Amino acid sequence: MDSIIELKQVSKTFKDKKAVDRISFRIAKGSIVAILGPNGAGKTTALSMILGLLEPTEGEIRVFGKPPKEHSVRHHIGAMLQEVSLMDRLKVREVLELIRCYYPNPMDMDALIAMTGLHGKDLNRYTEKLSGGQKRNLGFALAMAGNPDLLFFDEPTVGLDIGARRRFWDQIREFAKQGKTILFTTHYLQEADDAADRILLFHQGALVADGTPEEIKSVIVKRSVSFLPMEDGSEFRRKLASNPVLSNFSEQDGRIVIHTDHTDQVLEQIFAEKLGVREIAVDQGRLDEAFEQLTSIQEEAV
Ligand SMILES: Nc1ncnc2c1ncn2[C@@H]1O[C@H](COP(=O)(O)OP(=O)(O)OP(=O)(O)O)[C@@H](O)[C@H]1O
């Protein structure tokens, strides 16, 4: 694999808090990778270490085969973090020019403006006068100014409306087609599912799953057959419990739910046993269920 990023057994401890716990992975050129996880999972800490902003307590990180702090590595990286910090008393054009001149092969100014949702008239405005949305556009422009090969986004779509979100992801897919590599963090399962070709699922500092959205779903999401019982009472439940194919059931809002990898077998047994049921539904597991299952499995294990 043509690895752009490589982490080997990386941990980060703040005082006695282990924010990232022995994480290893590689990221291939041209991929769009989501670091997904709940609050406090260690996503930002991991991203900051890969960016060279934080030093790992243990383990090794390589970006383009080198330590992330090296000057030559920085020339190939662009980042938009949660807080876009801007220098006051500079106009938008001046900030963009300043950042562009740090890079050997910066993006053409007109192309930069066109892709980032800034308008010509914004260029002469002082950065402190921009609205929240315009500041985020500028943050995106600053991340892209050096025409980087590797892009980092920490929760990039927070606060963006649906149209802006869609434009953002269209743009990101275009970058990936050009061979750029994108790593982003998100809380949004749907966003990771839609936008990423790989998901690294973090929980309590650990990497608890790594794969395509489909792989993650197929490994840990159980499908289910659910129905409403026509007869109530213990006899019906006894019949279910005594059949090994049906015995793994739970009850949700009056429905009986059987989690299974073999929905056909479950249906066969329901008919063979002549169980009185109605409104049968067969459900494919969803990514948000997978996420909840994984994180709750981890919590039980702690
Ligand atoms: N500078 C720090 N000092 C002490 N603890 C920290 C520091 N930075 C992060 N932590 C702790 O490390 C853990 C992981 O934090 P991190 O910000 O990486 O999580 P996250 O997954 O990005 O969360 P969120 O989605 O809320 O941004 C949390 O328990 C956090 O409180």
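## Strand β10 and its sheet

Strand β10 (residues 223–229) and β13 run antiparallel and are joined by five bridges; strands here are DSSP runs of E with at least two residues, helices are runs of H or I with at least four, and both are numbered from the N terminus. In that pairing, S226 sits opposite A281 of β13. Keep in mind that this is a predicted model: local features need pLDDT of at least 70, side-chain atom pairs count only at pLDDT 80 or more, and totals for chains, interfaces and linings use all residues. Residue numbers start from 1 along each chain as its sequence is written.

Zooming out, four strands make an open antiparallel sheet in the order β11-β12-β10-β13, where pairing takes at least two DSSP bridges between two strands. β11 (249–252) and β13 (277–283) are the edge strands, each pairing on one side only. From one strand to the next, the twist averages 25 degrees. Helix α10 (residues 263–272) packs on this sheet and touches β10, β12 (255–260) and β13, with its direction at about 25 degrees to that of β10. Contact means C-beta atoms, placed from the backbone, within 7 Å; axes are lines fitted to C-alpha atoms (for helices, over the stretch in contact), and angles run from 0 to 180 degrees between N-to-C directions.

## The six-stranded sheet

The other sheet to look at is open and mixed, with six strands in the order β5-β6-β7-β3-β8-β9. β5 (77–80) and β9 (206–211) each have a single partner strand, so one side of each has no neighbour in the sheet. Here the twist averages 15 degrees from one strand to the next.

β5 and strand β6 (residues 150–154) run parallel, joined by four bridges, and G78 stands opposite L151 in β6. Helix α5 packs on the sheet against β5 and β6, its direction making about 165 degrees with that of β5.

## Nonpolar cores

The largest nonpolar core has 55 residues, and V33, A34, I35, L36, I50, A141 and I199 touch the most other members. A core is a set of buried Ala, Val, Leu, Ile, Met, Phe, Trp, Tyr and Cys residues joined through C-beta atoms within 7 Å; buried means 20 or more other C-beta atoms within 10 Å of a residue's own, with C-beta atoms placed from the backbone. Helix α5 (residues 132–144) is the top contributor, giving six residues. Domain 1 (3–76 + 149–218) and domain 2 (88–144) both supply residues, so this core lies between them; the bounds come from an automatic or database domain assignment.

Setting aside neighbours within four places in sequence, I199 contacts A34, L36, A192, G211, P213 and I216. There's also a second, separate core of five residues, including L246, I258, V266 and I270.

Conventions
Contact = placed C-beta atoms within 7 Å. Buried ≥ 20, exposed ≤ 12 C-beta atoms within 10 Å, placed from the backbone.
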